[in-house]
Amino acid sequence: MKKFVIISIILLLIGGTAFGFSLKHYIDVKSEQNKAVEETDTDAEKEADQQEDATEADAAPAKSLADGDLFSANYDKAKKAIEDMSDEEMVGQLIVGVCSDTDTGAEDIKSYSLAGFLFDSEAFSGKTGDEVKQSIAGIKKEAKVAPIIAAEEEGGERTTISGSEAFPENVYDSPRNIIASGGLQEVEKTELEKATFLKKAGFNLNFAPVVDMPDSSDQIMYSRSLSDDQKVVGDFAKYCSKQVQAKGVSVALKHFPGYGTIPDTANEEAQANGTAVVDDRKADDIRNKDYEPFKQGAQEGAHFIMVSNVVVKSIDASHTAALSSSVHKELRDLVGFSGLIITDVIDERDYSAYADGKDTAVAAILAGNDLVLSRNYSTAYTAILSAVNDGTISREMLEQVCTRVLAYKYTAGLIK
């Protein structure tokens, strides 16, 4: 009997132990299953969130309108004006054409309702000073909305009308040469003289100053730039943004994010290969040095910043700066610029390889530019209008960008 009891107890202990192991195994397995389900759910939620974020990012304008923006005091006026505009007229306000013929320009600014023109030196070839003014007045008269009338008067090798047969008495040396002989004050004095001259001739925007900072004569933009001293160039950007614009001529700081120390050979290779110039510098080096003049100008109210056609590999290796939403985000968020962003000439070369399969003008608007600078402006107009019609460019984006352009025109006194 005693032996039977002992055996029974032993069997009970063995059974209990086995049950305990089975129960623990069941709990562990169930726990792993629950964890796997939770992780799957979490991954699915993350993926759904990422897809939603991507969709929202694709649908959202690059820069929404906000109180405190450079032109926000005139947003309401601009929105009111847009109510009476057709899609075709709004699309035209996103384009500044490069004009070589003022007669054709007068017809085209009306046909395409362009935001305005940048005139090259050929536009006024053979004209007297009075004829230049008459040509500009004729274009203004044909425009549906008061137009941007822009020159590129950097001084030195880049000029629109100074030193021409129309204005032989107005000759301006390059800022680099002037600062070498007369210092920064002489450069600033010259910029004021240029602004007064341009205003009298009928212009309201100068595509200058160059605030790139090369440090050697074998680098792009050396002859067209002022200095490699960050403080000097920053002070120059501030001065132009405040004092030159006070003369009634807007400035366009260029070329964001900065050509910096890119060698001339890079441009020569790009031209030979039909590609964009590539900047191999580290992002932080660019941000810490090249951004500073743009920040200084933005703080003083520069109306425009021009974005380059360079591929900045450390920020966006797949797009030129003008076609990169990442570069535009840095210009808005890191530089703090809320004025008008304009491309460099978008069809200077074939940049379609950097446009994600879209027309380059359309890609430029989607990237965050307010204005596209184009020689083939009729082509750009057709492409952007088609993108609006098929929804590639949303109506919200079209209206917000057009609002900012018109608000600038009110702020600068182009629209009375």
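A: Helix α11 (residues 360-367) and helix α12 (residues 377-389) cross at roughly 55 degrees, and their axes come within 8 Å. Helices here are DSSP runs of H or I with at least four residues, numbered from the N terminus; axes are lines fitted to C-alpha atoms over the stretch in contact, and angles run from 0 to 180 degrees between N-to-C directions. The angle makes α11 oblique to α12, given that under 35 degrees counts as roughly parallel, over 145 as roughly antiparallel, 65 to 115 as roughly perpendicular and the rest as oblique. The crossing of α11 and α12 is right-handed, that is, the near helix is turned clockwise from the far one by less than a right angle. A361, V362 and I365 of α11 make the contact with A380, A383, I384 and A387 of α12, where contact means heavy atoms within 4.5 Å. By class, this contact of α11 with α12 has seven nonpolar, no polar and no charged residues (Ala, Val, Leu, Ile, Met, Phe, Trp, Tyr, Cys and Pro count as nonpolar, Asp, Glu, Lys and Arg as charged, and the others, Gly among them, as polar).

The model is predicted, with pLDDT of at least 70 needed for local features and 80 or more for side-chain atom pairs, while totals for chains, interfaces and linings use all residues. Residues are numbered from 1 along each chain as its sequence is written, and side-chain values use heavy atoms, leaving out hydrogens and water.

Helix α7 (residues 230-244) packs on helix α9 (residues 283-299) at about 25 degrees, with the axes 7 Å apart; α7 and α9 are therefore roughly parallel. Their crossing is right-handed. Q230, V233, G234, A237, K238 and S241 of α7 meet N288, K289, E292, P293, Q296 and G297 of α9. By class, the contact of α7 with α9 has three nonpolar, six polar and three charged residues.

How values were computed. Helices (H or I, at least four residues) and strands (E, at least two) are DSSP runs, numbered from the N terminus.
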